[in-house]
Amino acid sequence: MGPMNVYDAVVVGAGPNGLAAAVTLAQEGRSVLVVEGASQVGGGTRTAELTLPGFRHDVCSAVHPFGVGSPFLRSLPLERHGLRWVHPDIPLGHPLDDAPAVLLHRSVDDTAEALGPDGPAYRRLFTPMTRRWDRVERHVLGPLLRPPLRHPWATMNFGRLAIRSARSLVRRFRTDAAKALFAGNAAHAFRPLGAPGTAGFGLSLMTLAHRHGWPFAAGGSQAIADALASYLRSLGGEIQTGWWVEDLAALPRSRVVLLDLTPKGFLRLAADRIRSSEAKPYRRFRPGPAAFKIDYALERPVPWADPRLARVGTVHLGGTFAEIAKAERSAWKGRDPARPFVLVAQPSLFDPSRTPDDRHTLWVYAHVPNGSDHDFTEAIEDQIERFAPGFREIVLARNVITPGLWPQINPNHLGGDISGGAHTLRQLLFRPVMRRNPYRTPLAGVFLCSSSTPPGAGVHGMCGFHAARSALRLLR
């Protein structure tokens with residue numbers, strides 16, 4: 001079909017959620033057109049040579065526990081369209097000062113064994129959660145308040161723990177190692193660790209590590225978007241890149257429209273169609289803290305003080321629970337943290353296709369205040385040097401993405417917020433606004449399918465899947 005045809009659905013934005021929505025519709029035999037402003041599909045799953053020729057860096061997302069663990073993505077034949085997961089020897093490491101790094105293994109028992117006196121408490125928490133994850137993932141990766149509960153006991157048991165703050169949950173541990181390990185995972189919430197709901201982030205990510213791992217996409221995260229796009233085309237779906245949409249009226253005729261956009265992006269396109277009273281809740285949607293990102297081209301692997309970290313895919317740098325909590329509180333309150341929480345990924349250790357001549361890439365970002373114009377390069381490298389003395393000596397090149405640069409790379413990343421909106425308890429329960437169907441907008445036939453809708457951030461495609469299922473009910 002060409003631009004003058006009438007489609008069942010037009011999807012604006014070819015990030016993982018937009019592509020997931022289009023695939024879900026195309027699987028039902030619906031005619032679908034995806035329009036994307038950038039020159040290639042991907043959104044938050046793009047890969048590019050950001051430093052030196054031949055060094056392939058993931059522009060935004062790099063590690064994919066939710067990708068390999070997504071019920072929707074697992075249901076698709078993406079391996080036949082080029083996607084292959086690369087699993088590091090150990091999913092996660094968390095170095096500490098003057099102590100061995102604490103490691104998150106695929107095995108609950110292996111992880112617990114290294115936690116000494118906290119081993120039994122760790123087993124009691126994560127053994128049943130890992131065993132029952134398939135019973136609760138539907139609710140974790142969907143609207144939190146959606147009935148019915150297929151496995152009410154398992155879901156409610158997870159919920160009573162997930163609603164707690166990370167600070168309260170770690171009271172069951174005695175050692176700095178166990179508390180720090182949980183803190184680094186809970187900090188993916190981009191919220192102070194004393195805030196309700198932050199425990200859920202730690203529980204989910206650590207359970208996913210035990211159940212599915214924390215893999216990379218072979219060749220780069222772009223492979224996820226490319227596989228989704230290839231599968232969509234095989235179903236008859238169309239994709240047009242290089243088309244920036246400024247008004248809903250400029251889109252081809254269709255029965256429904258799905259927007260892989262933030263609430264601000266939705267209001268921009270719907271400015272002359274939506275009443276002020278209807279727009280007000282969307283305007284109140286709060287962005288989260290920002291990411292200050294650095295991609296490195298390295299002469300050789302990072303010289304970690306604990307050599308076991310050379311077997312780890314992801315490294316959390318922040319020290320103790322108290323240190324991470326202080327840094328996250330500062331970023332949330334708009335204060336520049338002196339020692340920011342830093343996330344590191346080492347894809348080229350396990351995927352040599354990322355670099356030439358046995359060199360390496362390093363993917364790094366820190367949690368900082370939204371819109372901050374402070375240069376955190378030195379603070380980030382100080383955190384790396386703290387646990388890998390001599391790191392600066394092996395740097396061949398670096399590429400910095402500040403909070404102010406993110407919207408130029410992806411308009412959804414407002415002020416550097418890569419999560420699609422703050423993970424406050426209100427915005428977790430009612431995302432993006434308080435509506436019975438969070439994907440439907442006040443405009444007839446227009447739906448949101450971005451990470452600003454449930455279940456939120458992560459490369460899982462579930463926001464797009466759920467939005468498309470909602471649109472299909474209207475199409476029927």
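**Entry 1: ground rules**

I am working with a predicted model, so I noted that local features need pLDDT of at least 70 and side-chain atom pairs count only at pLDDT 80 or more, while totals for chains, interfaces and linings use all residues. Residues are numbered from 1 along each chain as its sequence is written, and side-chain values use heavy atoms, with hydrogens and water left out.

**Entry 2: the whole protein**

I looked up the elements and found 18 helices and 16 strands. Here helices (H or I, at least four residues) and strands (E, at least two) are DSSP runs, numbered from the N terminus.

I then checked the overall extent. The C-alpha atoms fill a box of roughly 65 × 55 × 45 Å along the principal axes. For 476 residues, a compact globule would have a radius of gyration near 23 Å, and the protein has 21 Å, which agrees. That radius is taken over C-alpha atoms, and the globule rule is 2.2 Å times the number of residues to the power 0.38.

Next I asked how much is hidden. Buried residues make up 63% of the 476 residues. Buried means under 20% relative accessible area, exposed over 50%, and partly exposed in between (1.4 Å probe, protein chains only). The protein exposes about 18400 Å², and carbon and sulfur atoms supply 50% of that area. Accessible areas come from the Shrake-Rupley method with a 1.4 Å probe; for residues, only the protein chains shown count as cover.

I looked at contacts too, meaning heavy atoms within 4.5 Å. Of the contacts with a separation of 6 or more, 75% are between residues 24 or more positions apart.

Just after helix 10, Gly213 takes a positive phi of about 90°.

I ran the check again on helix 11 (residues 222-234): its 13 residues should span 18 Å, and its end C-alpha atoms are 18 Å apart, which agrees. Its buried residues include Ile224, Leu228 and Tyr231. Gly236 follows helix 11 and has a positive phi, near 100°.

**Entry 3: around helix 11**

I moved to Leu235, in the loop between helix 11 and strand 9 (238-240). Leu235 counts as partly exposed because its relative accessibility is 31%. Neighbours within four places aside, Leu235 is in contact with Val23, Ala26 and Gln27.

Is Thr45 buried or exposed? Thr45 is at 0% relative accessibility, so it counts as buried. I found Thr45 in the loop between strand 2 (32-35) and strand 3 (47-48). Not counting residues up to four places away in sequence, the residues Thr45 touches include Gln222 and Ala225, both among the buried residues of helix 11.

**Entry 4: backbone angles in loops**

Which peptide bonds did I note as cis? One runs from Arg431 to Pro432, with omega near 5°, and another joins Pro454 and Pro455, with omega about 5°. Pro432 lies in the loop between helix 17 (425-429) and strand 16 (446-448), whereas Pro455 lies in the loop between strand 16 and helix 18 (462-475).

Phe190 has about 55° and sits in the loop between helix 9 (176-186) and helix 10. Asp358 is near 60°, in the loop between strand 13 (342-345) and strand 14 (360-368). Phe190 is buried, with a relative accessible area of 5%, whereas Asp358 is exposed, at 71%.

Key
The expected span of a helix is 1.5 Å times one less than its number of residues.
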